[in-house]
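Open the model in your viewer and keep the selection panel at hand. The tour goes stop by stop.

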Amino acid sequence: MSRAARLIAIGWRHHVRNLTASRFFVVTSVFLPILLSTVAFFMFRAGAREGTLLYASLGAGVMGIWSSTLFGSGGAISWARREGTLEVLVVSPAGYFWVLLPQTIATASIGLYSLVATLVWGRLLFGVPFAIAHPLAFVVSIPVTVLGLGMLGLLMASTFVLYRHANALSNMLEFPVLFVSGLLVPLSALPVWVRPVGWLLAPTWGMRAVRAAALGGNPWPPMGVTVGLAGAYLTLGALFLRLFLRLARERATLALT
Amino acid sequence: MTAPVIEVEGLRRTYRVSTGAVRRRTLEVEAVRGISFSVGEGELFGLLGPNGAGKTTTIKMLITLLVPTSGTARVLGFDVVRQSREVRKRIGYVFGGDRGLYDRLSGLDNLRYFAELYGVPPREQKRRIFELLDLVGLNGREGERVEGYSRGMRQRLHVARGLLHDPPVVFLDEPTIGVDPVGARELRATMAALVSAGKTVLLTTHYMFEADALCNRIAVIAKGQIVAEGSPSALKAMVTDGVVVELEAYDPPPGGADALRRVPGVARVTVEERDQAQLFVVQAAAGFEGTPELIAALGDARLTRVATREPTLEDAYVALVEGASG
Ligand SMILES: Nc1ncnc2c1ncn2[C@@H]1O[C@H](COP(=O)(O)OP(=O)(O)OP(=O)(O)O)[C@@H](O)[C@H]1O
Ligand SMILES: [Mg+2]
């Protein structure tokens, strides 16, 4: 295995284990899907105009991935700062990018559980049908969405190196992104000027791909866009991280004091 | 002569701190004010100084965590600002205290992850990790979660972490803090072994006997400046080439220290508060015979102990640091 692949695989395993060892995180991950599938069901009943019950349920599932990603990537740096590991990680020969990348993928992929659980709870509690139009595309669209969301998380996290209170900001971003990317309501229901913002966000395209794969339509183009955006986020995130780490060394914001 | 392993020239670092919630003002704290020193291969160099002197700040600049405000520093010839990647590969460092570990994971998991980040070749990781667990005396406890470790155990885990990639240069910032006496002694043996193995070590500590026992050379730093530098014996000689008389007294007269200073042959007097009593530490010239005069100078005080001894590094340190603040 190449060094990069090992760093990602081992980092992923390390961060999944570290997160799942946190009782708070586990409890939230267990209850959130129940909450989300309930919300999705009632929102659907209250009169979403498009699609089926499964449409709403999938939206709730991707929302779960997004919350886990935001929670994880927003927290990654402030936890590390609080634990005192940030300084240790930053000066490790591998470099902090190789810590943060697997960490954001790890939190996004823990969110995968949330998607599955939301669908399962939807089925058990509300009898949401689970009929998938293109099973293969559906199976591919999910990791692609996880990747897209994870890389958006990386991009956001890269700015948190510099600002000690930035993860409050990340919590504030949770709902705007949910709206703008059409997870809660269809994009067509939003004001026209908001839509272009949604086009820049991977959750929008990931969501489209997942829905197209499940409910019918061509899932491949939105999947392509999701992968492209993930690449762009990754590149930008890596650049920002370099810049901000350099600034953090000047401003002494890596330690807690 | 080979090139020095650590070279520091005119290093400065200021911090900006803002105070006040409403009317914010920015203050500049001058933590390190232009220090220079160099450490040769295989040396154990000590950086001593009171709290807030700038020791940790200096180390953080050397390990590439902080960018100096001005001045330069090189480690193994690599500039700590422009060639930070090269520096990072070749250094290990350990901070005192119990933070900086993944508490919810086991000691072994911690070391495994850092071994990967430090680029220890996969085939060697396991052997290396168990070698270090052995070295720091954590063998058998590696499977337990770090949150259940005592402070000393965490500190040992830090030491193991810092040495995983077998770095040629090691920075140790108060590595024995919080470790019990037996454990601290073992850690000191470990440090001595590092130097025997040819590594270069920069150590900070508040324990003078530790510095005296381990360091080839010491720089005393106070208020961000180096006030003295040399071998432990040179530092002792710099302050006094004589003897030290300690007088422990109950109810000494006011101005007792001044009275002691007037005794001929006395170079310096420092006072330490002990529970009820005061301890006067008198540094005097070699061949000093004025102990009776010292006792007389304290008048009616009840003396519980009078002893003459050789000067220690601590005497030299206290004199240097007080000299710097006076
Ligand atoms: N991040 C920071 N922001 C602002 N001031 C700081 C920061 N870190 C350190 N200082 C200040 O810089 C000065 C030097 O601190 P430093 O930690 O280097 O001292 P030290 O010699 O390591 O002390 P100690 O023996 O207590 O560890 C102190 O006045 C301290 O308050
Ligand atoms: Mg310090």
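Which domains does the domain assignment of chain B give? Select domain 1 (6–230), then domain 2 (242–310); these bounds come from an automatic or database domain assignment. The centres of domain 1 and domain 2 of chain B, taken over C-alpha atoms, are separated by 39 Å.

Before you zoom in: this is a predicted model, where local features need pLDDT of at least 70, side-chain atom pairs count only at pLDDT 80 or more, and totals for chains, interfaces and linings use all residues. Residues are numbered from 1 along each chain as its sequence is written, chains are lettered from A and ligands numbered from 1 in the order in which they are written, and side-chain values use heavy atoms, with hydrogens and water left out.

**Stop in chain B**

Select helix α1, residues 55–62 of chain B. Helices here are DSSP runs of H or I, at least four residues, numbered from the N terminus. Of the 8 residues of α1(B), 7 are buried (under 20% relative accessible area, 1.4 Å probe, protein chains only). Among them are Ile59(B), Met61(B) and Leu62(B). Now pick Thr64(B), which follows α1(B) and has a positive phi, near 70°.

**Stop in chain A**

Select α2 (residues 23–45) and α5 (residues 97–126) of chain A. Their axes come within 8 Å and cross at roughly 45°. The crossing of α2(A) past α5(A) is right-handed. Show side chains: the contact (heavy atoms within 4.5 Å) includes Phe25(A) and Phe41(A) of α2(A), and Tyr113(A) and Trp121(A) of α5(A).

Technical notes:
Axes fitted to C-alpha atoms, helices over the stretch in contact; angles between N-to-C directions. Helix = DSSP H or I, 4+ residues; strand = E, 2+ residues; numbered from the N terminus. Left-handed = near helix turned anticlockwise from the far one by under 90°. Buried < 20%, exposed > 50% of the residue type's maximum accessible area, 1.4 Å probe, protein only.
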